[in-house]
Amino acid sequence: MPNLRSLILPLAIMAGIAGYFGYVAIPALDNTHRAVLEAVSVAQPLLIFAMLFITFCRVKLRELRPAKWHWPTLLMQVGVFVAGAAVINLCSSLNVAGAAFNDIAESFLICMICPTATAAAVVTYKLGGNTATLTAYTILINLAVSLVVPLTVPLLHTAVHIDAPAVFPSAPFLNYSLYIIIKVFPLLIGPLVLAVVARKLCPRFTSMVAAVPDLAFYLWAISLMLAIAVSVKALVHSRASLFLIVGIAVASAIACTLQFAFGRMVGRRYNDPVSAAQACGQKNTVLAIWLGYSFFSPVTAIAGGFYSIWHNVYNSWQLARRKNEDN
């Protein structure tokens with residue numbers, strides 16, 4: 001009989017889908033839609049912050065050392081994202097691609113730049129990988145995302161829907177960059193800084209947080225449920241065509257396959273294939289959904305939902321194969 005952990009993914013996805021349709025089907029709750037959406041928009045980043053904080057509470061900085069496979073993996077993810085954004089911008093400027101192409105391409109890029117999942121250390125450990133090098137990469141890719149995304153997203157034409165303050169009246173690019181930095185940087189780097197400070201000032205508290213079994217994992221399940229509900233809302237209200245939905249699903253599957261394969265290939269060169277593959281391929285899809293809904297075309301939020309399915313299916317297969325090998 002499957003345990004609760006193995007059922008978390010399907011349960012969270014089904015709860016998100018059923019919760020959305022059940023909620024909108026109740027006429028008495030029609031007047032609460034805006035308030036609930038605002039509450040979810042606040043809850044999602046707080047949950048992401050909490051998950052990262054818990055992860056970093058379990059890590060001693062002296063144990064974290066850069067691994068050789070970190071750099072080619074990071075270069076690939078950042079390079080694809082920046083180059084892809086430039087291509088989308090050029091195609092839009094020349095009017096050689098439609099909105100569907102932009103949405104599919106942006107969905108692919110979101111899946112490529114999304115940081116490593118907070119639960120990746122658990123899977124890596126069970127697969128026999130090095131959790132220290134994976135956690136070090138988690139910190140590295142979060143730093144990269146907090147810098148690269150704010151500077152790159154404003155290049156895309158979809159950034160015009162961001163209601164950024166006019167700090168620089170004659171430079172909208174800088175307005176968008178500043179807006180996204182304010183949104184993204186504290187969310188990704190704040191947990192690391194807070195965990196380091198807490199370990200120094202409140203070591204008992206951080207030890208208690210780190211000792212709670214699977215706390216980050218179950219927070220992730222709640223986050224995933226909310227993220228799936230937001231993705232379903234984006235899909236329902238986007239009037240997206242079947243072609244677009246299938247295109248985003250395929251784009252996320254290609255991104256998933258590419259990153260697991262690239263990570264394993266690079267990791268083999270440095271005798272750490274499991275950690276490199278998981279760091280590159282297992283994503284914080286809750287953050288991907290939030291990024292898509294917040295800073296790209298809203299329909300791109302479903303890319304994170306699809307990616308969550310693909311990488312968890314692959315991880316389930318890996319864990320089953322590992323169990324069979326051990327037996």
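Which helix is Thr124 found in? Select residues 120–126 and you have the answer: Thr124 is part of helix α5. Helices here are DSSP runs of H or I with at least four residues, numbered from the N terminus.

Before moving on, keep in mind that this is a predicted model, in which local features need pLDDT of at least 70, side-chain atom pairs count only at pLDDT 80 or more, and totals for chains, interfaces and linings use all residues. Residues are numbered from 1 along each chain as its sequence is written, and side-chain values use heavy atoms, with hydrogens and water left out.

**Stop 1: around Thr124**

Stay on Thr124, which counts as buried at 0% relative accessibility (buried is under 20% relative accessible area, exposed over 50%, partly exposed in between, with a 1.4 Å probe and protein chains only). Now show its contacts, meaning heavy atoms within 4.5 Å. Leaving aside neighbours within four places in sequence, Thr124 touches Gly129, Asn130, Thr131, Leu134, Val274, Ser275 and Gln278.

**Stop 2: α3 and α6**

Next, select residues 70–94 (α3) and 131–152 (α6), whose axes come within 11 Å and cross at roughly 20°. That makes α3 roughly parallel to α6 (angles under 35 degrees count as roughly parallel, over 145 as roughly antiparallel, 65 to 115 as roughly perpendicular and the rest as oblique). Axes are lines fitted to C-alpha atoms, for helices over the stretch in contact, and angles run from 0 to 180 degrees between N-to-C directions.

Show side chains at this contact: from α3 you will meet, among others, Trp71, Leu74, Val78 and Phe81, and from α6, residues including Tyr137, Leu140, Ile141 and Val148. By class, the contact of α3 with α6 has 13 nonpolar, five polar and no charged residues (Ala, Val, Leu, Ile, Met, Phe, Trp, Tyr, Cys and Pro are nonpolar, Asp, Glu, Lys and Arg charged, and the others, Gly among them, polar).

**Stop 3: α9 and α12**

Move to residues 215–238 (α9) and 285–295 (α12), which pack at an angle of about 30° with axes 9 Å apart. Among the residues making this contact are Trp220 and Lys233 of α9, and Ile289 and Tyr293 of α12.

**Stop 4: aromatic rings**

Finish in α13, residues 301–326, where Phe306 and Trp310 are four residues apart, about one helical turn. Their ring centres lie 6.3 Å apart with planes at 10°, so the pair is stacked (rings of Phe, Tyr and Trp, its six-membered ring, pair if their centres lie within 6.5 Å; planes under 30 degrees apart are stacked, over 60 edge-to-face and the rest tilted). Last, pick out Phe260, Tyr314 and Trp317, which form one aromatic cluster.

Technical notes
Helices (H or I, at least four residues) and strands (E, at least two) are DSSP runs, numbered from the N terminus.
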